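Please look over the sequence and the model first.

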Amino acid sequence: MPASAEPLAKQLFGAKKTPSNQQPAPYGGYAKGCQAGAVELPETGPTWQAMRLSRNRNWGQPSTIAFIRDLSAFAARQPGWKGLYIGDISQPRGGPMTSGHRSHQIGMDVDIWMLPPQRLDLSRKQRENISSISLRRAKGAYTNNSWTRQHHEILKAAASDPRVARIFVFPGAKVRMCNDEKGNRAWLRKIRPWWGHHYHFHVRLKCPRGARGCVDQAAPPAGDGCKDAQQWVNNILNPPPPDPNAPKPKKRREYVLSDLPKQCAAVLQSR
Ligand SMILES: [Zn+2]
């Protein structure tokens with residue numbers, strides 16, 4: 001069958017409403033894979049609520065769910081925070097999505113809202129309708145007045161967790177944390193400036209120990225990355241002239257099932 005006649009992987013995975021009846025396993029990479037045996041993040045827990053339940057993306061590997069329990073318990077000890085509001089993890093069987101993300105495919109990525117939870121008894125409907133808050137100013141070059149020390153502490157706790165590979169957040173937030181941190185700076189290495197990510201931050205977990213089909217991303221460069229983040233901010237404030245020799249951005253072809261790790265076929269077929 002020519003590739004053009006195959007259904008797109010995002011349609012196959014997007015149609016699955018339940019996890020596969022298999023042992024938990026992430027297969028492939030964060031932006032090209034799927035997940036077996038996913039676990040649902042309970043819609044409400046002692047220190048979290050899953051948001052936008054209609055998206056059905058509160059599914060992850062067991063280690064991811066454990067991480068969310070732990071980080072949200074830490075957040076709940078911060079003044080003004082009842083815990084965490086959790087955005088997208090992955091679809092029940094992971095895989096590409098019809099909207100929203102390129103990664104989040106293997107149950108090892110989590111979006112966490114910047115909005116400090118004042119309550120953990122939001123109804124389903126309220127969870128569809130309330131919005132997070134943006135923490136950025138000047139197109140992401142700086143944090144705004146909604147940034148708090150608690151954001152710093154929660155991001156620091158996440159980045160200090162050995163299960164975490166990296167965290168994506170807007171450049172102004174990284175520079176702010178670089179400037180404010182007076183103690184150990186090693187954790188800043190995992191805080192990676194990225195586009196967007198001012199309504200939420202994105203935690204990417206390392207492949208679980210022994211997960212042989214899971215493909216880790218290369219570690220961030222050595223050092224705290226603060227100079228690079230400052231350079232990104234400088235480029236936001238004073239954009240350099242466009243490079244006439246820059247390669248044209250490639251248009252990415254959408255994945256079909258045969259592009260994904262071979263285990264993903266069984267993940268789809270499982271009842
Ligand atoms: Zn994300």
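A crossing of two helices is left-handed if the near helix is turned anticlockwise from the far one by less than a right angle, and right-handed if clockwise. The model is predicted: local features need pLDDT of at least 70, side-chain atom pairs count only at pLDDT 80 or more, and totals for chains, interfaces and linings use all residues. Residues are numbered from 1 along each chain as its sequence is written.

Helices (H or I, at least four residues) and strands (E, at least two) are DSSP runs, numbered from the N terminus. These are the elements discussed here:

| Element | Residues |
|---|---|
| Helix H2 | residues 62-75 |
| Helix H4 | residues 149-160 |
| Strand S1 | residues 25-29 |
| Strand S2 | residues 32-36 |

The axes of H2 and H4, lines fitted to C-alpha atoms over the stretch in contact, with angles from 0 to 180 degrees between N-to-C directions, come within 10 Å and cross at roughly 150°. H2 is therefore roughly antiparallel to H4 (an angle over 145 degrees). Their crossing is right-handed.

S1 and S2 pair in the antiparallel sense over five bridges; pairing requires at least two DSSP bridges. The two strands form a hairpin with two residues between them. Proline 26 stands opposite glutamine 35 in S2. Four of the five residues of S1 are buried (20 or more other C-beta atoms within 10 Å of a residue's own, C-beta atoms being placed from the backbone).

Tryptophan 81 lies in the loop between H2 and strand S7 (84-86). Tryptophan 81 is buried because 21 other C-beta atoms lie within 10 Å.

Definitions and conventions
Angles under 35 degrees count as roughly parallel, over 145 as roughly antiparallel, 65 to 115 as roughly perpendicular and the rest as oblique. A residue is buried if 20 or more other C-beta atoms lie within 10 Å of its own, exposed if 12 or fewer, and partly exposed in between; C-beta atoms are placed from the backbone.
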